[in-house]
Amino acid sequence: MSYTLKCEEPLYSAHRMREIIVRQGLSSELNIVEIGGGYGGTCYWLRKLMGDRVSRYAIVDLPEASVVQSYFLGSAVPESLVLDGESMSGVNSPIELIPYFDLDKIDFQPNVLVNQDSMPEMPESEVERYLGWGSKNLKGVFISFNQEAYSPWAGVPQVHVPTVASRWPEYRRVSRETSWDRRGYVEECYLVN
């Protein structure tokens with residue numbers, strides 16, 4: 001089975017995320033942390049759709065993924081990329097790429113935490129670490145766009161994000177919708193404060 005990069009998925013996700021942000025009435029300044037950013041498409045489109053409202057945007061991911069993200073985002077918006085604290089252009093940047101093991105080095109308080117397409121594939125302990133971090137640092141919304149298909153890997157079922165999120169009383173789910181463009185996916189929003 002081959003995978004074809006679908007450029008419309010990040011645009012669709014960014015559009016839906018914008019709808020959630022507006023519906024939840026978040027303040028004009030957005031400080032976003034995205035857990036697992038793919039090639040950077042959602043970051044790119046969410047910044048395009050939200051404009052100057054995006055003050056800070058950190059993508060937390062594997063260092064190998066950050067190489068792809070830095071190439072894509074550096075090509076698309078070269079004036080606004082920071083890689084692990086190092087400015088690519090010598091100016092303050094709204095976009096920062098952070099390795100997963102440096103999650104605690106994020107130097108701003110997010111009001112949006114985003115994950116799509118990756119938490120079910122992570123070890124459950126990693127999902128707990130991210131959501132535990134969010135329960136202490138996030139004041140706003142957690143947006144989860146993830147699949148819930150039963151697809152065990154090496155006999156281990158994939159992580160069910162709502163089950164893990166329910167372990168923290170700080171996460172209160174306020175919406176859950178079936179994704180119209182991807183079978184088996186749900187789009188959820190949790191208030192966290």
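Author: Let's start with strand β5, residues 95–99: five of its five residues are buried, so the strand is largely enclosed by the rest of the structure. Buried here means under 20% relative accessible area, with exposed being over 50% and partly exposed in between (1.4 Å probe, protein chains only). Helices (H or I, at least four residues) and strands (E, at least two) are DSSP runs, numbered from the N terminus.

Before going on, some ground rules: this is a predicted model, where local features need pLDDT of at least 70 and side-chain atom pairs count only at pLDDT 80 or more, while totals for chains, interfaces and linings use all residues. Residues are numbered from 1 along each chain as its sequence is written, and side-chain values use heavy atoms, with hydrogens and water left out.

In a regular strand, side chains alternate between the two faces of the sheet. In β5, both faces are covered: I95, L97 and P99 are buried on one side, E96 and I98 on the other. Its partner β2 (residues 54–61) runs parallel to β5, joined by five bridges; strands count as paired if DSSP finds at least two bridges between them. Look for D61, which sits opposite P99 of β5.

Now for a helix that packs here too. The buried residues of α2 (residues 41–50) are G41, T42, C43, Y44, L46 and M50. They pack against β5, and also against α1, β1 (30–35), β2, α3 (63–76) and β6. Just past the end of α2, G51 has a positive phi of about 60°.

How does α2 meet α1 (residues 8–23)? Their axes come within 8 Å and cross at roughly 50°, which makes α1 oblique to α2. Axes are lines fitted to C-alpha atoms, for helices over the stretch in contact, with angles running from 0 to 180 degrees between N-to-C directions. Under 35 degrees counts as roughly parallel, over 145 as roughly antiparallel, 65 to 115 as roughly perpendicular, and the rest as oblique.

Back to β5, and the loop that leads from there to β6 (112–116), where you'll find Q109. At 46% relative accessibility, Q109 counts as partly exposed. Leaving aside neighbours within four places in sequence, Q109 is in contact (heavy atoms within 4.5 Å) with N31, N137 and K139. Q109 and G134 are 25 residues apart in sequence, and 9.8 Å apart in space, C-alpha to C-alpha.
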